[in-house]
Amino acid sequence: MDRDIQINLKALRSAAGLSLSAVQELTGVSKAMLGQIERGESSPTIATLWKLSKGLKLPLSALITEPPQQGVHFADSISVKTLFPYDPKLRSETFVVGLAPGLTHESAAHRTGVVEDVFAVDGDFEMYFDGSWHPVSQGNSLRFDADQPHAYRNLGVFPVHIHNTIHYPG
């Protein structure tokens, strides 16, 4: 990441009464890495954060605390700014995702029943799911089941920003 973010892992783990070993079993993230994240010695990748989110059955925004009006840029990957943090009543959270020119970002399957809505704010991009690429042009949107591997791709020469709402099952 280009700058440090606070990861709420230790507080969430303590509140749930989970040991590092239990979190490792649930998420597939090693105890060594979990300890480094909790101590602030390591900045996790977005892929690691999604593993934690999926394994702990928490929304992504529950793990990340970011300063207001700022986002998080993951080195060689996407940038993410929270627009609306997880709302338990709506069971959703909304982000602005930034894709640099030529960037493809692959996302592992989220937990069963998760659905994503994407909206192309200022450019065209493609979404990969159900075994093929789907174009999304500026001003258009797409909804897909995110409990499968999926990817975002910017084939253009300018950055693209995407409103991304993630809906979690009840």
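Two strands count as paired if DSSP finds at least two bridges between them. Helices (H or I, at least four residues) and strands (E, at least two) are DSSP runs, numbered from the N terminus. This is a predicted model, in which local features need pLDDT of at least 70, side-chain atom pairs count only at pLDDT 80 or more, and totals for chains, interfaces and linings use all residues. Residues are numbered from 1 along each chain as its sequence is written, and side-chain values use heavy atoms, with hydrogens and water left out.

First, the sheet. Six strands make an open sheet in the order β3-β4-β5-β12-β7-β10, with antiparallel pairing. At the edges are β3 (72-73) and β10 (141-145), each of which pairs on one side only.

Start at β3. Two bridges join β3 to the antiparallel strand β4, residues 79-87, and His 73 is opposite Ser 79 in β4. Next, six bridges link β4 and β5 in the antiparallel sense; here Val 80 faces Val 97 in β5. These two strands form a hairpin with four residues between them, and Arg 91 in that turn has a positive phi of about 55°. Then β5 (residues 92-99) and β12 (residues 160-167) pair antiparallel over eight bridges, with Thr 94 opposite Thr 165 in β12.

Now the residue, Ile 37, in helix α3 (residues 31-38). Is Ile 37 buried or exposed? Ile 37 counts as buried because its relative accessibility is 4%; buried means under 20% relative accessible area, exposed over 50%, partly exposed in between (1.4 Å probe, protein chains only). Leaving out residues up to four places away in sequence, Ile 37 touches Ile 7, Leu 9, Ser 42, Pro 44, Thr 48 and Leu 52, where contact means heavy atoms within 4.5 Å.
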